[in-house]
Amino acid sequence: MNRIIIANFVRFVVLIFIQVFLLKNVTVYGLSTPYLYILFVMLLPFETPNILLFLLSFLIGISVDAFYDTPGLHAAATVLLAFVRVLFISVTVQKESFDTEPQPTMGSMGFRWFLTYATLLTLFHHFLLFNLEVFRFSEIQYTLSRFLLSSLFTIFLLLVSGLLFFRKKRI
Amino acid sequence: MRNLLIFITKYSAFFLFLIFEVISLVIFINYNGFQKASFINTSNEVVGNLYNRVNDFYDYLSLKQINDNLAQENAKLRSQLRASYYIDSVSKHSVNDTVYKQQYSYIDARVINNSTNKRLNYLTLNKGAKEGIAKGMGVICATGVVGVVVKTSDHFATVRSLLHKDSRISAMLASSREGGTFTWNDDLNPFMGILSEVSNNAQPHLGDWVVTSQYSLFPMGIHLGRVSNLHAKAGGFFLNMEVRMAVDFSKLEYVYVVDNKLAQEQIGLEAQQKQEKDE
């Protein structure tokens, strides 16, 4: 139990550091910006109580906001992400069908499940994020292209991190 | 009660989502200047546009009356044309006129929202800052004074009408030029106003015109109404009289916004004077 808390705490800090000191400066053609910090919410264990899940999502969102000077923007998007996560998991995961305690990682749930999971959550998060940020209909084309390209970039990074750190442990 | 609790715990994710999302959005809208401004602006634009649509429809219903009014106004303006005066002086040479400088110009606008039955009544006009309307300008119509612009957005302006407890307009009796203050009367009657603080020396008659004075932000001599009762209430050192309003506020359609081109200069000078006095 303690190990899980410490691991998540470290992940929280490391992801925020990566986001605000590295990825904040990465932009492809001024259109595509990855937001990798949402990996933290995705990787919280299945048995996290809802209240804690939403609280942590809000916290990581507002922490990123503090660095981006946009109070509330990332928090709103990340809370939506947490809600979509709850819905998605309640639809796709039956805990009885696993013999070991499952984790929402690529190693534990398989590539296909993780790809759907990451794609869906990222799309929701980025859609709200970019539209809230721009906050007008007149630039919808630019916003949508930013939304799609950034989602691609983020999903790519999520999969890479999944392949790097959470591969199936072979005995 | 117990069922309610069960319901809430069963859908806890949804309620938690609502709570945290609302917190985030409140933070977001309160602390981000652009979104705050545009959120309020967007809602204003939406409301304004709705009023505009509804008003377009109403216009059809009152076309006949508007036609009559316009014809009347046309007739009045025509009678003011230079051509309708007999000019008895013969001009010998033309002079490039630098004596007269235009002080007032008029922007025509349409009333798209109006109320007369509240304590604080406002109008909305279909023109705004883009057409040159600014806060503090006077608004008149063919028959008299309407109010003062209090707020503008890009395409709309709100006007505090005379039917507002805070409206005070510097007025005078047209016949004797005795000055006073024109306000709405106390019992919220949309046809009656009060001319107060007129000096006791004045000898007003029933039916005298009450017009704007030279101290107001309107051009001098715009109609406010006619005196209908000489002794409205005992006012000590001053005369108070009841005035029947010249404008029927429930039927306002087209109005003119008065742009006093020298107002800025006057206000600036007076502010300077006040500052010097304070020091």
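**Entry 1: chain A overall**

I started with chain A and found 7 helices and 0 strands. Going along the sequence, I wrote the pattern down as α-α-α-α-α-α-α. A reminder to myself: this is a predicted model.

Next I looked up burial, and 33% of the 171 residues of chain A count as buried. I also checked the contacts in chain A with a separation of 6 or more, and 68% of them come from residues 24 or more positions apart.

**Entry 2**

Two packed helices are described by the angle between their axes and the distance between the axes. I looked up both for my first pair.

Helix α3 of chain A covers residues 50-68 and helix α4 of chain A covers residues 73-92. Their axes are 7 Å apart, and the packing angle is about 150 degrees. Angles over 145 count as roughly antiparallel, so that is how α3(A) and α4(A) run relative to each other. I noted the crossing of α3(A) and α4(A) as right-handed.

Which residues meet here? From α3(A) I listed several, among them Leu53(A), Phe54(A), Phe58(A), Ile62(A) and Tyr68(A). On the α4(A) side they meet residues including Leu73(A), Ala77(A), Leu81(A) and Val86(A). Sorted by class, this contact has 14 nonpolar, 5 polar and 1 charged residues.

**Entry 2: α4 against α6 in chain A**

I stayed with α4(A) and turned to α6(A). The axes of α4(A) and α6(A) are 9 Å apart, at an angle of about 150 degrees. That angle makes α4(A) roughly antiparallel to α6(A). The crossing of these two helices is right-handed.

For the contact, I picked out Leu81(A), Val84(A) and Phe88(A) among the residues of α4(A). Those of α6(A) include Trp113(A), Tyr117(A), Leu120(A) and Phe124(A). By class, I got 15 nonpolar, 4 polar and 2 charged residues for the contact of α4(A) with α6(A).

**Entry 3: a look at Leu120(A)**

Leu120(A) sits in helix α6 of chain A, which spans residues 111-134. Is Leu120(A) buried or partly exposed? It has 16 other C-beta atoms within 10 Å, so it is partly exposed; buried would take 20 or more.

Leaving out residues up to four places away in sequence, Leu120(A) touches Val84(A) and Phe88(A). I also looked at Leu81(A): it is 39 residues from Leu120(A) in sequence, and their C-alpha atoms are 9.2 Å apart in space.

**Entry 4: where chain B touches chain A**

The contact between the chains takes 18 residues from chain A and 14 residues from chain B. On the chain B side, the elements giving two or more residues are α2 (12-31) and α3 (33-61) of chain B. α2(B) gives the most, with 11 residues. The chain B side has 8 nonpolar, 5 polar and 1 charged residues.

Strands of a sheet pair through backbone hydrogen bonds, either parallel or antiparallel.

In chain B I traced a closed barrel of 6 strands, in the order β6-β7-β8-β11-β10-β9, with antiparallel pairing. Ignoring direction, neighbouring strands of this sheet are turned by 40 degrees against each other on average.

I then went through some of the pairs:

- β6 (residues 169-173) and β9 (residues 209-212) of chain B pair over 3 bridges, and Leu173(B) has Val210(B) as its bridge partner in β9(B).
- β9(B) and β10 (residues 223-229) of chain B also pair over 3 bridges, with Val210(B) opposite Gly225(B) in β10(B).
- β8(B) and β11 (residues 238-245) of chain B pair over 6 bridges, and Val198(B) stands opposite Leu239(B) in β11(B).

**Entry 5: two positive phi values in chain B**

Arg177(B) is not a glycine, yet its phi is positive, near 60 degrees. Arg177(B) lies in the loop between β6 and β7 of chain B. It has 12 other C-beta atoms within 10 Å, so it is exposed.

Glu197(B) is not a glycine either, and it has a positive phi of about 60 degrees. I found Glu197(B) in strand β8 (residues 192-199) of chain B. With 18 other C-beta atoms within 10 Å, Glu197(B) is partly exposed.

Conventions. Residues numbered from 1 in each chain as written. Chains lettered and ligands numbered in written order. Predicted model: local features only at pLDDT ≥ 70, side-chain atom pairs only at ≥ 80, totals over all residues. Helix = DSSP H or I, 4+ residues; strand = E, 2+ residues; numbered from the N terminus. Contact = placed C-beta atoms within 7 Å. Nonpolar A, V, L, I, M, F, W, Y, C, P; charged D, E, K, R; others polar. Axes fitted to C-alpha atoms, helices over the stretch in contact; angles between N-to-C directions. Parallel < 35°, antiparallel > 145°, perpendicular 65-115°, else oblique. Left-handed = near helix turned anticlockwise from the far one by under 90°. Pairing = 2+ DSSP bridges.
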